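Hello,

I am passing on the structure we talked about.

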Amino acid sequence: MPTSCCVPGCDSNYKDDGRIAVFKFPNDVKFRQQRLRSIHRKDVVSSKSSVVCIKHFDECYLVRENSVTRPDGSVLTVKRDRVKLTPNAVPTIFKNQPSYLSVNLPQLRNPPETRENEMLRRQEGKKEKLAALDIIISIKEIVNKYDKSCDLLKNDVFLYQSKDSVQFFNVSKKSKGNLKVSKCISISECLSCTFYCNNIVINTYPKVAGILGGLNILNSWEKLTLLLNCVFEENVDFVTENITTEEHIKIINNSIDILITEHADNTKATTRLMFFKEQINLTFKEKVSYCINTLLWFATVLFAYPAAYNYIRAAKIFTMPRPKYLSKYTLKLGLNNTGLESGTLITYVRKQAFLMIVKKYAVFY
């Protein structure tokens, strides 16, 4: 049977079924005297058999696990089979004695490094919670938040929900009292955002592009608020503002890319769109460079109808390579540039172009 506790009024281990952990007095004279004074018993003697049970020690004095730092810097913590006391432990809890004899110990402060890490952890936790609250999951959430919003109506901004998208827009009066949608933010079901100004896509406008980022995905409430303020509150003419030729071309390319994506199942339409996109980009370039499929198409036209090719090129309707350039290009394919009228050569070029296109793009451009 474990030794009984020597604290007055404590019955730990006096019964046969008692199994309360007890601790001997420390060997250090200073700590032994402190523990004796804390017991509040005149006749107590710190003999070899004198012990104090665990009930009288605050949790801050109890060591329930051991920790060791591995060579890689990680900490290994193992639970102890038996609880031990810290060297400076003194009994402070006496439930069977007057309450004034018990001491309520102040909570021990963690080391500065631990407190700093805990503060950083709490700040990161707050940021994660705020980030989770800022995420937009669906356009239904947008409708629920902004439908019939006084803030929107105050700025003459209206909300319209279609089957698979949401639009924020405002209207301006034209002559004879007609109304016209001047600015519109369209958000698709996948949260892809497109900004229109006078029916022209202006996603490349610097402020708008800075808010949306490269993917044009509107997935946070902060982005939506900034975009609404930028588009509808600022008195800016997004179309006629000092935009460079390069920026205009980017706007046109972006619009064509959107059309290509929307009509991806229409091969004829996407082929034409891609051809005219390249022609627009070539219009303002001093050094012209054609893609391989355009060269194959022009070569086929030249070999089949050389007079028509030269006429169209002379009219400068399209940006077209010189016949000599196409002849050199056909040599790189292993073709002889003599006898362009040969039906065998025309058939071969068409076959090569068709095989290359089917292999890479499955379209003629």
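Leucine 191 counts as buried because its relative accessibility is 8%, under the 20% limit. Keep in mind that this is a predicted model. Leucine 191 sits in the loop that joins β7 and β8. Its phi is positive, at about 70°, although the residue is not a glycine.

**Lysine 316**

A second residue other than glycine with a positive phi is lysine 316, where the angle is near 60°. Buried or exposed: which is lysine 316? Its relative accessibility is 72%, so lysine 316 counts as exposed. The cut-off for that class is over 50%. Lysine 316 belongs to the loop between α10 (306-315) and α11 (323-332).

**Asparagine 310**

Asparagine 310 is part of helix α10. With a relative accessible area of 38%, asparagine 310 is partly exposed. Arginine 322 is twelve residues away from asparagine 310 along the chain. The C-alpha atoms of these two residues are 8.7 Å apart.

**The largest pocket**

What volume does the largest pocket have? The value is about 360 Å³. Its lining is made up of 17 residues. Closest to the pocket centre are Ser192, Cys193, Thr194, Ile258 and Glu262. Helix α7 gives the most, with five residues. By class, the lining has four nonpolar, ten polar and three charged residues.

**Arginine 35**

Arginine 35 lies in helix α1 (residues 29-39). Arginine 35 is buried, yet has no salt bridge. Where is the nearest side chain of opposite charge? That side chain belongs to aspartate 28, and is 9.9 Å away. A salt bridge would need a side-chain nitrogen within 4 Å of a carboxyl oxygen.

What does arginine 35 touch, leaving aside residues up to four places away in sequence? The contacts include the run Phe23, Lys24, Phe25 and Pro26. Arginine 35 also touches Val52, Phe57 and Leu85. Ala89, Val90 and Pro91 complete the list.

Best wishes

How values were computed. Residues numbered from 1 in each chain as written. Predicted model: local features only at pLDDT ≥ 70, side-chain atom pairs only at ≥ 80, totals over all residues. Heavy atoms only, no water. Helix = DSSP H or I, 4+ residues; strand = E, 2+ residues; numbered from the N terminus. Buried < 20%, exposed > 50% of the residue type's maximum accessible area, 1.4 Å probe, protein only. Lys, Arg positive; Asp, Glu negative; His and termini not counted. Contact = heavy atoms within 4.5 Å. 1 Å grid on protein atoms, 1.4 Å probe; cavity = no way out; pocket = protein on both sides within 12 Å on 5 of 7 lines; lining within 4 Å. Points joined across faces, edges and corners; volume = space filled by probe spheres on them. Nonpolar A, V, L, I, M, F, W, Y, C, P; charged D, E, K, R; others polar.
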